[in-house]
Structures are given as C-alpha cells and as structure tokens.
Amino acid sequence: MSIKYAEEKIKSFLQADESVNETPFGQGKGGVIAIKGKWGTGKTYIWNHIVDEHLTTHENFKSYAYVSLFGCKNLNDLKGLIFFKSRPNENEGSPLEYDRKASVKELQDKISSALHKAKSYPLVRTVLDAFKEFNGISTDLGLLGWLTVKDTLICIDDLERMGGGLETKDVLGLVCELKDQKNCKVALILHDEQIPAEYYNFREKIVDVEVLYAPTTEELFEKIFGMAKDEDNESILKFIHYFEIVNLRTLQKINSQLAELARLMKGVEPEVRICAIYAIVVLNAKHWEGMVEKPDSARKAVEKGLLGIEYDFTDIFKAYVEDGWFDKKEISGQLKKASDEVAESKKRKDHSREWHELGEKYMHGSLKDDEADFVNALVSHVKKGVTLSRLNYAVGLLRELEHDKEADNCIDAFIKSKSKNWEPGSEVFDDHFIRREQIDKTLEQKVQQQEALAEKKYFKSIDVQKELGKIFLDPENQIFTRDQVKFLASVDIKNFYDFVSVEISPLVIRGLKQCLEEGHTYGDLLDEHNRLKTNVTEVLKSFAAENKINALRMKWWRLEYFLKVVDEASEEASE
C-alpha cells in the first residue's frame with residue numbers, strides 16, 4: 001500500500017462522522033485501526049504527522065495519548081500510562097508538543113476533578129495531600145485517573161516489545177473496552193514480521209480496519225529528502241535503491257549527516273561530492289542496516305556504474321557515522337585535494353580536446369599559408385596550461401618554424417604558472433613518449449633550476465631524522481623511490497651519522513647496503529647516487545675508526561662497496 005492510500009485510510013478513520021451513532025468503524029464514536037508494516041518504514045512517523053495535522057484543525061477528540069508498550073509490565077501500568085500520557089486537545093498548537101513531564105499539581109488537579117465528579121472529593125483530598133512530594137508515576141494514581149479516560153484518541157505502539165507480565169489478549173481486551181465503553185479511537189501500530197499470534201485470534205472482534213503501510217523507496221525518499229530533482233538527490237536515491245534501504249530512521253540519519261557536511265562540501269567538484277555521498281550511504285547501510293554483502297568499495301561502485309570516478313572516503317567518514325564525530329580539517333583537506341585533482345583532470349581533458357582540434361584545423365585540414373594564425377593559436381593554447389611533455393612538443397614546433405622568441409615566452413609562462421606550487425618531482429618529462437635528445441635544452445635547463453629550488457625549499461621544511469626513519473625503518477621499502485634517492489643524496493654526513501648511531505638495526509643495515517649498491521639506481525640520478533654512496537661511506541669510516549669492534553662490525557655487515565673502498569685506501573697507504 002502506497003503512502004498516499006495509507007494516509008487516506010488513516011484520515012478517514014480520524015474524521016469519521018461523530019454526529020451519528022453508527023460510523024464506518026462500528027457503533028458509537030469509538031473505533032480501532034491497525035497500521036501494519038515492516039520495521040523502520042515510518043509507521044509511527046506518518047501517524048504522528050497526520051494526527052498532528054488533524055488535532056490542530058479538529059475538535060472531535062477531547063485528548064490524545066501516545067503509549068509505547070516497550071517494557072510495560074502489566075495491565076495496570078498500561079492504564080496508568082494512557083491516563084498520564086493523555087494531553088488535552090485545546091486546538092492551540094499541537095498536543096504532540098505538550099510538555100510530557102506533568103507536574104504533581106497537574107496530576108492532583110486531574111484526579112481531584114475526576115473524584116469530585118464521583119462525589120468522594122473530601123475523602124480523596126486527604127490522600128492527595130500525602131502525595132505532595134511525589135515525583136514519579138504511581139500505579140494507584142494512574143488507576144484512579146483511568147476512570148476519567150474517555151473520548152480520547154489513543155495510539156498504542158510496540159506491541160511486540162511489551163514486558164513479560166503483559167499478554168497480547170490483555171492489551172486487546174483493554175482496547176476493546178476503550179472502543180466500546182469509553183468512546184475512544186485507538187490506533188495499533190504493528191511490526192508485521194513480529195505480530196503476536198493472539199492478535200489474529202481476536203482482531204475480528206476488535207479491529208475495524210487494517211492498513212498495510214508499505215511505502216516505496218521513492219515515497220520514503222520524498223518524505224525525508226524532498227522532491228528536488230538535483231544531481232545530489234538523484235544520486236542519493238540511486239544509492240538507497242541499490243542498497244535497498246527502506247528504514248525511515250536510517251534515511252533520516254543519512255539526511256542529517258549530509259546536511260551537516262554540506263558546508264564542507266561547498267565548492268567541491270560534483271563528482272567528488274557524489275563519492276562523499278556514496279561513502280555516507282555505504283557506512284549507514286553497514287552500521288544501521290547490518291548489510292555485509294552489498295556495501296561495495298568505490299572501485300566496485302565505478303564498475304557497477306554507481307560512481308563516475310573512484311574516490312573512497314569511507315575511512316574519513318567512518319567515525320562520523322559510527323561514533324558521531326569527525327575531523328573537519330582532515331575531511332575538508334581530503335575533499336579539496338580530490339576536488340583539485342578532478343578539476344585538473346577536467347582541465348587536461350579540455351586541453352587535449354583543444355590540442356586535437358588545433359591539429360585537425362591546421363595540420364590535417366589546411367594547405368593555406370596560415371603560419372601566423374597557427375603560431376598564435378599554438379601559443380594561446382600553451383599558455384592556458386599544458387603538461388611538460390606537450391609544452392616540449394609545442395616549443396619544438398615553434399623553433400622549427402623559427403619562432404624562438406615565442407617558444408621562450410611559452411617556457412617562461414609555464415615556469416611562472418607552476419613555480420608557486422612546484423614540488424620536487426612534480427614536473428618530469430614522460431620518457432615513454434620523449435627521447436632525451438628530443439627535449440628542448442632551454443626548457444630542460446629551466447625545469448632543472450626550478451626543481452633544484454623546490455628541493456631546497458622542501459628539504460628545509462622537513463625533519464631530516466624523521467624522514468630517514470620513514471625510509472630506513474619501513475620493512476616494505478625494498479627499493480628506494482626516485483624522490484627518496486634525491487632526498488638521501490641531500491642529507492649531510494652528520495645527519496646520517498646521528499641517525500645510524502641511534503637507530504642501528506637489521507633494517508638500517510639493509511638500507512645502508514641499498515645506498516651503496518652499484519648499478520642499481522635511476523639513470524638520470526647517477527650524480528645523486530654517487531653523492532649518496534660517498535656520504536654513507538664517510539659515515540661508516542667514522543664508525544670503524546672509533547674502535548676495533550666497530551671495524552669488525554663493518555666487515556660483518558658485508559657492505560661490499562664500503563669494504564672495497566677501504567681495501568683500495570689501504571693499498572694506496574701501503575704503497
């Protein structure tokens with residue numbers, strides 16, 4: 001049953017004509033409606049929404065009470081709960097917003113009024129005086145107040161979670177009394193997978209109408225997220241469809257979390273924002289719905305067409321979904337980094353398309369003498385931003401056409417645009433497409449100068465001892481990377497000595513061997529590797545010269561290059 005039909009049935013139940021003795025729900029004004037549905041689909045939510053609206057515009061109920069049977073132990077407790085939870089329908093605001101912590105005086109006034117009608121006010125006044133300091137719910141007071149309950153709209157929820165001392169038949173018997181003797185209308189909210197068997201034995205006599213509340217995913221989505229057809233909402237709907245989330249409370253959590261994160265995702269590229277939304281939905285599906293099979297990684301989500309790009313943010317949002325807190329700085333940083341990468345990728349794609357169009361127009365689509373137009377178009381394209389390899393190619397074309405000034409201007413514009421954020425190793429020639437002899441010498445020289453400045457700035461900003469630890473003490477670091485070779489070559493002898501003397505271990509010895517290995521480095525880093533070998537050798541010589549046991553250790557470590565250098569030095573000394 002869709003939300004629309006279920007709402008119509010509930011409204012019809014509430015608005016049944018009270019001016020006649022017989023209603024569509026039986027004799028008198030009373031009636032019982034049973035609202036069934038799966039766990040978490042929003043049965044209580046939709047009931048409260050409709051009742052709130054009804055009670056603020058109608059006066060056919062004297063009061064309203066919502067009662068949960070969760071933990072309710074016996075019938076007397078239930079009677080007392082109905083009385084104490086009753087709120088007057090004064091048509092001034094919603095009874096649902098009424099203060100549920102009624103004062104002792106309010107309770108006394110209710111019972112005093114009830115017992116005054118029973119002609120026993122003087123006697124009971126004495127009893128009430130004894131309860132002036134009373135702060136809780138008393139069974140005796142509740143039973144007395146139960147006598148006043150009539151013409152009330154009552155919702156009884158959580159039938160499947162009532163306490164052990166209360167039986168279904170007792171609850172249904174009380175509902176029958178409310179309906180037939182007290183002119184009350186009662187709504188039973190039932191989890192259809194856990195409805196007690198006794199309900200089916202007695203429902204024919206008690207229940208006037210049953211409503212199956214089985215909203216579609218789209219209907220639940222519209223209740224929580226609204227009907228806006230923007231990219232975010234379309235993605236959320238697609239994700240909750242995929243994970244089959246039909247629990248309204250889970251959807252409310254997702255909506256609340258995304259609303260809180262909206263400020264952090266402001267200005268983020270749409271593709272990255274969708275990946276963040278996916279992470280939030282995945283984590284909620286796992287944490288609240290207990291799903292272990294479907295929640296897929298970002299990579300699988302891309303393969304299945306759920307995401308356009310692969311960014312996995314589950315790690316940074318995990319604590320937020322499961323524990324309720326998040327590191328704003330970390331999340332903002334990672335979202336911005338991913339967004340910048342996506343923006344740069346889009347930019348490169350646009351440039352690639354423009355480059356292709358430029359070639360099609362001037363190289364494949366014309367035999368005119370339009371050199372000047374081609375040069376202007378090429379220079380304009382380069383200055384918008386290109387890769388280093390494409391710049392090298394463009395500069396080669398300009399020099400071939402003897403436009404050296406324009407070529408140099410393109411190089412200067414590239415260096416200037418990159419200099420502020422230049423990091424060591426961030427700009428390299430792609431050796432898959434460019435042979436070394438094809439690299440423009442002016443461009444290569446200026447890139448090397450900028451690289452040297454970036455390395456100097458980088459090495460000044462880091463903790464040398466800490467970085468050495470990351471390189472030497474990592475068990476997985478079998479081969480130094482290009483950046484690590486550059487860094488190690490920049491470390492002076494003193495820093496090496498201090499590190500080895502404190503951190504000496506099999507891992508450090510393995511790293512020293514790697515520093516001294518011959519013929520095992522990057523072809524364009526021969527100078528750096530030679531400098532590294534020289535520095536490490538000097539450090540080891542210093543240790544060996546300190547005492548005999550250290551000299552023995554150097555041999556024990558089997559550092560071939562070092563031993564070779566030492567032997568050559570000994571031979572020279574003997575000669």
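Author: Gladly! Let us start with a term: a residue is buried under 20% relative accessible area, exposed over 50%, and partly exposed in between (1.4 Å probe, protein chains only). This is a predicted model, where local features need pLDDT of at least 70, side-chain atom pairs count only at pLDDT 80 or more, and totals for chains, interfaces and linings use all residues. Residues are numbered from 1 along each chain as its sequence is written, and side-chain values use heavy atoms, leaving out hydrogens and water.

Reader: Why is Phe225 called buried?

Author: Phe225 has a relative accessible area of 12%, and buried means under 20%, so Phe225 is buried.

Reader: What makes Phe221 and Phe225 a stacked pair?

Author: Rings of Phe, Tyr and Trp (its six-membered ring) pair if their centres lie within 6.5 Å; planes under 30 degrees apart count as stacked, over 60 as edge-to-face and the rest as tilted. The structure holds 15 aromatic pairs. In this one, Phe221 and Phe225 are 4.8 Å apart centre to centre with 20° between the planes, hence stacked.

Reader: And why is the pair of Phe239 and Tyr278 called edge-to-face?

Author: Their planes are 80° apart, with 5.1 Å centre to centre, and over 60 degrees counts as edge-to-face.

Reader: How do you know whether Tyr278 is buried or exposed?

Author: Tyr278 has a relative accessible area of 3%, so Tyr278 is buried.
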